[in-house]
Amino acid sequence: TELEKNGSIGRARQVLGRVWGFDEFRPLQEEAVTDVIEGRDSVVVLPTGGGKSLCYQVPALVREGMAVVVSPLISLMKDQVDSLVSNGVAAALVNSTQSEEQKRDTAARIRKGEIDLLYLAPERLLTNRTLDFLTTVPISFFAIDEAHCVSNWGHDFRPEYRGLRALKQRFPDASVHAFTATASERVRDDIAEQLNLESPSVLVGSFDRPNLTYRMIRRDNALRQIMNVIDQHRGESGVVYCITRKEVEQTAAALAAEGISALPYHAGLDDQTRQDNQDAFIREKVDVIVATVAFGMGIDKSNVRFVIHAGMPKSIEHYQQESGRAGRDGLASQCILLYSGGDLMTWKRILEMGDRSNFDEAMQNINAMSDLCTGVKCRHAAIVNYFGQEFDVENCNACDVCLGELDTVEDPITLSQKILSCVVRLKERYGVAYTVKVLTGSRDAKIMEAGHDQLSTYNLLGDESASSVRTWVEQLVSQGFLERYGEYNVLRLTSEGRDLLQRKGTVTLTRSTKSSGGRSSRSPV
Ligand code: ADP
């Protein structure tokens, strides 16, 4: 009933104030907390920095019995438990770095009912010994952190998460609550299914991060462009993401040579170095960490002022998560993405080398990311819309598009007509690179052999650089006038493209950006 509901959320609010010193839950936290307290299975999707931890930490103190938190990263668990204990919460963890004696001691405290929150990695939880032990203690609920790891569709599938589906059977009285920052509906449904949840409540928070300013800039001189951003943030914390380990090493060295306090982080470094570099960043001994995607999951550092992507990430999900590590404290922060047409090819090559089972889907994700980069729609709107949410702010004032930093072309329709008619002349059988070559009058042997130097559209944009023409082709794709299809990403016109050829419709084409980023940002409130 309503009264009981008020009762449970009322108690939760008291705990929130007493233990954490916060006045109020954020809107979705309140619903998430209510589900946990009332024992209704749930899937909670909140972006990085959205406040997922409190959704299970508070209820753990309100409900009778012990809550078990499943978390994939030992370092993260330790940070969380340390901070809970320092707030006076009876939290504990068991992991492989502990001595037998420590583990025995924790088990004894659990038996006496002294622990409210127990953190475990999935592989430890799922051993028979742990499961048998836990069935002898009253468990209130299980909170599964980074729950997308249970899904093949997610970007970080971990086989050891699959065993978690046994929890509903082994602990029929405990509710199970999944938390993730991955928004896609498919992953969300899959999480519920893989974990065997019983008609779960599904809560999805807003994916907009109003305090972040997004800029997507064509890469020309990466080091200069990166330095330009760092110069605006001297002495502040930031992350530079690169696609490959080699780029990480080179960029970290180049920044150090520029006098920037920067360290590398990638999976090729030995565990100790990686841990040391991460610690140095978290404890502010170093300003900048240069990293591959290996860096970041579960890193709780709230005052990261900028995230630079030196190359394009492989999906909008990745971009949302990685850029989302900026400004978790709610203060204005910058997210700068440097991209080039070549990034798409780099990812394609990486994909081709790996296991190809998800190739088409992975390619779709990469293309969507590329369309976002070359797009001319508000970045906040584009990202939020991608996750299936509305964005009704007219001018966000916090992205290169809305800040008017894009240099638009005078007569975009005529320019578009030239490009679209070239695609038509090529019988919609060629990809971006080839089309650009024809438009700019390349004497490439393939073009000569095919006789495409005889087309009326050959060299039609001979005065423009190939990289400008490439940008425009990509912008026509991202605005839905052209589409790529088939294994070779061949270009063809959409019906909007055919209309535009008749001068019906509107289009925006831009040259590379005027500035590479200022400090302005939409107020976070
Ligand atoms: P997530 O796990 O979703 O990435 P966290 O749980 O780490 O996010 O929370 C992000 C930050 O927001 C933390 O610093 C946390 O203390 C703060 N926070 C969460 N909920 C609240 C709240 N209700 N009031 C004030 N601050 C909050």
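How are helices α17 and α18 oriented to each other: roughly parallel or roughly perpendicular? The structure shown is a predicted model.

**Figure 1. Overview of the protein chain, with its 21 helices and 17 strands.** The radius of gyration of the chain is 26 Å, close to the 24 Å that the globule rule gives for 525 residues, so the chain is as compact as a globular protein of that length. Along the principal axes, the C-alpha atoms occupy a box of roughly 85 × 50 × 45 Å.

**Figure 2. Close-up of the packing of helix α2 against helix α3.** Two packed helices are described by the angle between their axes and the distance between the axes. Helix α2 spans residues 27–37, and helix α3 spans residues 52–62. The axes of α2 and α3 come within 9 Å and cross at roughly 40°; the two helices are therefore oblique to each other. The crossing in which α2 passes α3 is right-handed. From α2, the residues Gln29, Ala32, Val33, Val36 and Ile37 take part in the contact, and they meet Leu54, Cys55, Tyr56, Val58, Pro59 and Val62 of α3. The contact of α2 with α3 consists of ten nonpolar residues and one polar residue, with no charged residues.

**Figure 3. Close-up of the packing of helix α17 against helix α18.** Helix α17 comprises residues 412–425, and helix α18 comprises residues 432–439. These helices pack at an angle of about 110°, and their axes lie 10 Å apart. Angles of 65 to 115 degrees count as roughly perpendicular, and α17 and α18 are therefore roughly perpendicular to each other. On the α17 side, Ile419, Cys422 and Val423 meet Thr435, Val438 and Leu439 on the α18 side. Five nonpolar residues and one polar residue make up the contact of α17 with α18, and no charged residue belongs to it.

**Figure 4. Close-up of the shell around the ligand, formed by 16 residues.** The closest of these residues are Phe22, Gly50, Gly51, Lys52 and Ser53. Sorted by class, the shell around the ligand has seven polar, five charged and four nonpolar residues.

Key
Residues are numbered from 1 along each chain as its sequence is written. This is a predicted model: local features need pLDDT of at least 70, side-chain atom pairs count only at pLDDT 80 or more; totals for chains, interfaces and linings use all residues. A residue is near a molecule or strand if its C-beta atom, placed from the backbone, lies within 6 Å of it. Helices (H or I, at least four residues) and strands (E, at least two) are DSSP runs, numbered from the N terminus. Ala, Val, Leu, Ile, Met, Phe, Trp, Tyr, Cys and Pro count as nonpolar, Asp, Glu, Lys and Arg as charged, and the others, Gly among them, as polar. Axes are lines fitted to C-alpha atoms, for helices over the stretch in contact, and angles run from 0 to 180 degrees between N-to-C directions. Angles under 35 degrees count as roughly parallel, over 145 as roughly antiparallel, 65 to 115 as roughly perpendicular and the rest as oblique. Two residues are in contact if their C-beta atoms, placed from the backbone, lie within 7 Å. The radius of gyration is taken over C-alpha atoms; the globule rule is 2.2 Å times the number of residues to the power 0.38. A crossing is left-handed if the near helix is turned anticlockwise from the far one by less than a right angle, and right-handed if clockwise.
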